[in-house]
Amino acid sequence: MAERKSALIVGAGSGLSASLARLLAREGWAVGLAARNADKLSALCAETGAKAWSCNAADPAAIAKLFEDVEAALGAPDVVVYNASARARGPIGELAPEDVRHAIDVSAFAGFLVGQQAARRMLRQGQGAILFTGASASVKGFPQSAAFAMGKFALRGLAQSMARELAPKGIHVAHFVIDGGIAREGRAPPSEAPDALLDPDAIAETYLQVIRQPRSAWTWEIELRPWVEKF
């Protein structure tokens with residue numbers, strides 16, 4: 001019997017992460033979820049059989065412990081997904097430096113911490129996939145959104161560098177530019193264009209397709225947007 005694959009999703013919540021957790025669970029994967037407040041994941045865990053951990057993703061010691069705990073409970077993860085981000089919105093002359101620092105810590109530095117711990121384990125196995133979730137701001141900075149753009153540009157650079165370093169060692173690193181709004185409870189698309197927002201279940205399907213790509217045809221980056229989105 002084939003060994004059960006495992007995945008860790010960091011920055012888990014009720015949107016894309018939940019869709020991905022449900023999809024992987026249906027495919028027979030063991031799923032680990034990490035969030036600053038793991039209590040909010042209890043219903044998702046009950047639904048999917050996932051295990052959840054509370055963790056500050058920008059704390060090096062906390063991330064090291066998270067991976068130790070996940071490895072003990074589920075085995076070293078075959079796939080690690082980094083979904084966390086933070087914003088500090090406002091005019092450039094009015095942004096509080098500490099708010100900007102926090103946004104960059106969560107959006108980029110924490111992604112490095114997670115990617116580093118994942119890579120260390122996958123290098124031992126000679127295989128695995130590390131996926132980073134980006135946004136429109138990964139490739140274009142918008143007014144009054146400097147902190148978010150800084151963090152997402154940095155995360156994209158991290159993913160590109162890791163992909164070039166780790167692909168020859170059998171580890172697939174990919175970055176996803178989510179260019180558009182994601183549908184969620186309380187945020188439905190207009191009735192005249194029911195698919196004008198990204199469906200989180202559809203995004204999750206694309207993540208799984210990338211996870212399953214043969215290494216003879218890997219992509220390091222993919223952009224996803226609804227058909228009405230201007231780009």
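User: How much space lies in the second largest pocket?
Analyst: About 600 Å³. Keep in mind that this is a predicted model.

User: Which residues are closest to its centre?
Analyst: Lys5, Asp78, Gln127, Gly128 and Ala129, out of the 28 residues that line the second largest pocket.

User: Which element gives the largest share of that lining?
Analyst: α4, with 3 residues. At least two residues each come from α4, β5 and α6.

User: And how does the lining divide by residue type?
Analyst: The lining of the second largest pocket has 11 nonpolar, 9 polar and 8 charged residues.

User: Now the largest pocket. What volume does it have?
Analyst: About 1,200 Å³. Its lining takes in 42 residues, and Asn83, Ser85, Arg87, Phe148 and Ile182 lie nearest the centre. β5 gives the most to this lining, with 3 residues. By type, the lining of the largest pocket divides into 19 nonpolar, 15 polar and 8 charged residues.

User: Switching to α6. Why does the distance between its ends agree with a helix of 12 residues?
Analyst: At 1.5 Å a residue, residues 200-211 should span 16 Å, and the end C-alpha atoms are 17 Å apart, so the two agree.

User: What is at the start of α6?
Analyst: A side-chain oxygen of aspartate 199 comes within 2.9 Å of the backbone nitrogen of aspartate 201.

User: Which residues of α6 are buried, and what covers them?
Analyst: Pro200, Ile203, Ala204, Thr206, Tyr207, Leu208, Val210 and Ile211 are buried. The cover includes α1, β4, β5, β6 and β7.

Definitions and conventions. Residues are numbered from 1 along each chain as its sequence is written. This is a predicted model: local features need pLDDT of at least 70, side-chain atom pairs count only at pLDDT 80 or more; totals for chains, interfaces and linings use all residues. Side-chain values use heavy atoms; hydrogens and water are left out. Helices (H or I, at least four residues) and strands (E, at least two) are DSSP runs, numbered from the N terminus. The expected span of a helix is 1.5 Å times one less than its number of residues. Buried means under 20% relative accessible area, exposed over 50%, partly exposed in between (1.4 Å probe, protein chains only). Contact means heavy atoms within 4.5 Å. A polar contact is a pair of N or O atoms within 3.5 Å; within protein, one must be able to donate a hydrogen and the other to accept it, and residues adjacent in sequence count only if both atoms are side-chain atoms. On a 1 Å grid over the protein atoms alone, a cavity is a set of points where a 1.4 Å probe fits but cannot get out, and a pocket is an open set with protein on both sides within 12 Å along at least five of seven lines; lining residues have an atom within 4 Å of a point. Grid points are joined across faces, edges and corners, and a volume is the space filled by probe spheres set on the points. Ala, Val, Leu, Ile, Met, Phe, Trp, Tyr, Cys and Pro count as nonpolar, Asp, Glu, Lys and Arg as charged, and the others, Gly among them, as polar.
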